[in-house]
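Visitor: I have a structure here that I would like to go through with you. Could we take it one topic at a time?

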Amino acid sequence: DELDPAAQKLLDEKWFERKGARYFFVVARASKTGTQAANRALSHRRANSVMFHIKQTAKDDPEVDKKVGLLWLGNEFAQFSKDYCQWNNSRPDKKCDEDAINRSAFVSWVDCRL
């Protein structure tokens, strides 16, 4: 739930790759290990870590709270397979497997209307 320098760098790169999209979507995940309550709390902290960093990066943007959507998922939700290790990540030199991919946060600019 703490962003290392590589995660901060990748997050900054994604934040500035807006390409006209309206919303920055953050999905924080939790692995299969541990209790449901502990995983929900950990996932929430992961999402908040991303949000706090974005607020520092976009400190001149008064509408950052309206642009960022957070979703935190505990281990009771679908777990990703190792196939998702092919996505961009902040630790390409580290082993990626189902445990690692489900102990992370995904971010992307999206453009949608409700």
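Visitor: Is cysteine 96 buried, partly exposed or exposed?
Guide: Cysteine 96 counts as partly exposed, because its relative accessibility is 28%. Please note that this is a predicted model.

Visitor: And what about cysteine 85, buried or exposed?
Guide: Cysteine 85 has 17% relative accessibility and therefore counts as buried, the cut-off being under 20%.

Visitor: Which residue is joined to cysteine 85?
Guide: Cysteine 85 forms a disulfide with cysteine 96, with an S to S distance of 2.0 Å.

Visitor: How many disulfides are there in the whole structure?
Guide: A search of the whole structure finds one.

Visitor: Is the disulfide left-handed or right-handed?
Guide: The torsion about the S-S bond of cysteine 85 and cysteine 96 is about -80°, so this disulfide is left-handed.

Visitor: Changing topic: which residues make up the largest nonpolar core?
Guide: That core has 12 residues, among them Leu11, Trp15, Phe24, Val26, Met51, Ile54, Val68 and Trp109. Helix 1, strand 1 and helix 2 each supply at least two of its residues, and helix 2 provides the largest share, with three.

Visitor: What does valine 68 touch?
Guide: Not counting residues up to four places away in sequence, valine 68 touches Trp15, Phe24, Val26, Met51 and Ile54. Valine 68 lies in strand 2 and, at 11% relative accessibility, counts as buried.

Visitor: And phenylalanine 24, what is that in contact with?
Guide: Leaving aside neighbours within four places in sequence, the contacts of phenylalanine 24 include Leu11, Trp15, Ile54, Val68 and Trp109. Lys14 and Lys67 are also among the contacts of phenylalanine 24.

Visitor: Now the largest pocket: what is its volume?
Guide: The volume of the largest pocket is about 930 Å³. Of the 34 residues lining it, Asn89, Ser90, Arg103, Ser104 and Ala105 are the closest to its centre.

Visitor: Which element gives the most to that lining?
Guide: Strand 3 does, with five residues. Helix 1 (5-15), strand 1 (23-28), helix 2 (36-57), helix 4 (98-101) and strand 3 (105-110) each supply at least two residues of the lining.

Visitor: How many of the lining residues are nonpolar, polar and charged?
Guide: The lining of the largest pocket has 19 nonpolar, six polar and nine charged residues.

Note on methods: Residues are numbered from 1 along each chain as its sequence is written. This is a predicted model: local features need pLDDT of at least 70, side-chain atom pairs count only at pLDDT 80 or more; totals for chains, interfaces and linings use all residues. Side-chain values use heavy atoms; hydrogens and water are left out. On a 1 Å grid over the protein atoms alone, a cavity is a set of points where a 1.4 Å probe fits but cannot get out, and a pocket is an open set with protein on both sides within 12 Å along at least five of seven lines; lining residues have an atom within 4 Å of a point. Grid points are joined across faces, edges and corners, and a volume is the space filled by probe spheres set on the points. Helices (H or I, at least four residues) and strands (E, at least two) are DSSP runs, numbered from the N terminus. Ala, Val, Leu, Ile, Met, Phe, Trp, Tyr, Cys and Pro count as nonpolar, Asp, Glu, Lys and Arg as charged, and the others, Gly among them, as polar. A nonpolar core is a set of buried Ala, Val, Leu, Ile, Met, Phe, Trp, Tyr and Cys residues joined through side-chain atoms within 4.5 Å. Buried means under 20% relative accessible area, exposed over 50%, partly exposed in between (1.4 Å probe, protein chains only). Contact means heavy atoms within 4.5 Å. A disulfide is a pair of cysteine sulfur atoms within 2.5 Å.
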